[in-house]
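Take a moment to look over the whole chain before turning to single residues.

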Amino acid sequence: MRNRKYPYYENPEIRNLKDLLSIKAEAHPEKAAFVYPAGHGGEVTKSYLDLYNDVNALGTWMYASKLQGRNIAIIGENSYEWIVTFFAVINGGGVAVAIDKGLPEDEIQILLKKGDCDAVMVSGAYKKKIRKKGGLRIYCMEDFQAYLEEGRGLLNKGRTDFRKYNVQSDKTAAILFTSGTSGFSKGVELTNRNIAFEINNTCKLFRLDGNVVAVLPFHHAFGLIVGIMMVLYYGTTVFINKSLKQVKNNMEEFQPQTLFLVPLFVEFFHRQIWAEIRKRGKEKAFRTLMKSTNAMRKIGIDVRKLTYDSIRKVFGGKLQYIICGGAPLDPMYVKEFRAWGIEILNGYGTTECSPCTAVNRPHHFLDGSVGQIVPGIDARITDEGEVVFRGDLVMKGYYNDPEATDQVLIDGWYHTGDLGHITDDGFIVLTGRKKNLIILSNGENISPEELEMDLARDEAVREVLVYDEQSKIIAEIFPDEEHLGDQAYFDALKDKVNKGRPLYKQIVRVKLRDVEFIKNASMKIVRHKNIFPQQ
């Protein structure tokens, strides 16, 4: 199919997350919703009916435990228990407060307080991070089966208050903390209306009909709403990856059709593939082969599936799509994965927009863009060049922070802080962040992202950050292992990147580091924690 506009997919709509579970349990009662590793080395399979029943059982237990309508934190590694808890809290009128398990103990305590949490459901591995204070009630996921059994017993005795709860569309359902690249975390309030609208409308752009391996953390909006809830909406199966060390094995075993990833994973897989090719001394021949198969595809002959079978086997052999979001992605990765028969559909969004606002489609895409605007929302570019959105996917606000809310929600429009433009076909092209702009003493404005992307294309660059130091452009680089401390190499790379650029856009100095940059949950480099005033 040619790259051109085509109709949106038509899907039955849900009103809320309670709808999502009941409709899918009725439509696919025996189909596997989740598969995950068991403690004894085997696997556990949970059908859509199992999921529906487990949520009702846990929710009924919560009601009996006087947790009805409470703010309940969820802290732990990706797990079936995490997902069931999230649904049970929301579907019973409570507020699910998702907290990053990897945060230091003091930061977790701050977020528990900031989220007005009455209770916390935590996995055993992270229970030691929770301090019982101020009446906080602590429940452990290791006791999950006991909670379910108690809930089932109450249901069998005729208790139906949880099941009969009438979901209020505009009541706060979840608080997801931003993990922004500047400033402190803010609690984004999302409602059932926000999440249902996001699922209904984003799924009009893409059709999922195969398995998914869930890699991204559930406390992150992209990993949870796009990577889990949308998959459930399609009625397919999720394999829950519990350890990044097992991702390769999980993919080989479960053979996903689609992966939801952030650029860091794409870059890692790309680097590993080329490292293996170079190890065999085949780089030049392989690049010639890619040019040949790309040329053949232009005249309607597609031999990618057979030619690049060894690469596809890295991902299980059936991978067709990678939905990528959370941070900028160099178009080079999109083109190379496409050459191997795997389409990367680059997307864009923020937690404040539930989170997806745009994504490229399988047969209608624009390389270098972050995709087509999700149908049903308004998007425009302000006079300052900022991308803003309006619609039912825009958050209710920042929890207990009206001042911060008023700074980004202006006349109903959410101001993203991102700079860009919208094409005539409705694709969003980003050019940088307002807060990241380097404003030199001569008045010139520079987006560091442009320089960072050019530097990052070099295989020796693991991570890079470009910033202003005394009106001079500095590139700070964390190299790959083979080039640690190799200043001469990176000075030469600087000269290569500078070539053809006006003087004011040229990098003056390269600094090398021997440790990774500090990153947030979506694996973006946190600028304010990595750039320090120079003495």
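Begin with Gln255, which sits in the loop between helix H8 (247-254) and strand E11 (258-261). Helices (H or I, at least four residues) and strands (E, at least two) are DSSP runs, numbered from the N terminus. The phi of Gln255 is near 50°, a positive value in a residue other than glycine. Gln255 counts as partly exposed because its relative accessibility is 31%. Here buried means under 20% relative accessible area, exposed means over 50%, and partly exposed lies in between (1.4 Å probe, protein chains only).

The model is predicted: local features need pLDDT of at least 70, side-chain atom pairs count only at pLDDT 80 or more, and totals for chains, interfaces and linings use all residues. Residues are numbered from 1 along each chain as its sequence is written, and side-chain values use heavy atoms, with hydrogens and water left out.

Asp411 also has a positive phi, near 55°, and is not a glycine. Its place is the loop between strand E19 (409-410) and E20. Asp411 is exposed, because its relative accessible area is 72%.

Strand E20 (residues 413-422) pairs with strand E21 (residues 428-433) in the antiparallel sense, over five bridges. Two strands pair if DSSP finds at least two bridges between them. Gly420 has Leu430 in E21 as its bridge partner. E20 and E21 form a hairpin with five residues between them. In that turn, Gly426 has a positive phi of about 85°.

Now move to another hairpin. E1 and E2 make it, with five residues between them. Gly41 in the turn has a positive phi of about 105°. E1 and E2 pair in the antiparallel sense over five bridges. Strand E1 (residues 32-37) is mostly covered, with five of its six residues buried. E1 also joins strand E10 (residues 238-240) through two bridges, and these run parallel. Phe34 links both pairings: its bridge partner in E2 is Lys46, and it stands opposite Val238 in E10.

Is Lys46 buried or exposed? Lys46 is buried, because its relative accessible area is 16%. The residue lies in strand E2 (residues 43-47). Beyond its neighbours within four places in sequence, Lys46 is in contact (heavy atoms within 4.5 Å) with Lys31, Ala32, Ala33, Phe34, Tyr36, Asp54 and Tyr80.

At 22% relative accessibility, Lys204 counts as partly exposed. Its contacts, leaving aside neighbours within four places in sequence, are Tyr8, Tyr9, Asn11, Glu13, Arg361 and Pro375. Lys204 and Asn11 are 193 residues apart along the chain, yet their C-alpha atoms are separated by 7.1 Å.

Ser354 and Pro355 are joined by a cis peptide bond, with omega about -10°. Pro355 lies in the loop between strand E13 (343-349) and strand E14 (356-359).

Finally, step back to the whole chain. It has 17 helices and 26 strands. The C-alpha atoms fill a box of roughly 75 × 55 × 45 Å, taken along the principal axes. Buried residues make up 55% of the 535 residues. Of the contacts with a separation of 6 or more, 66% are between residues 24 or more positions apart.
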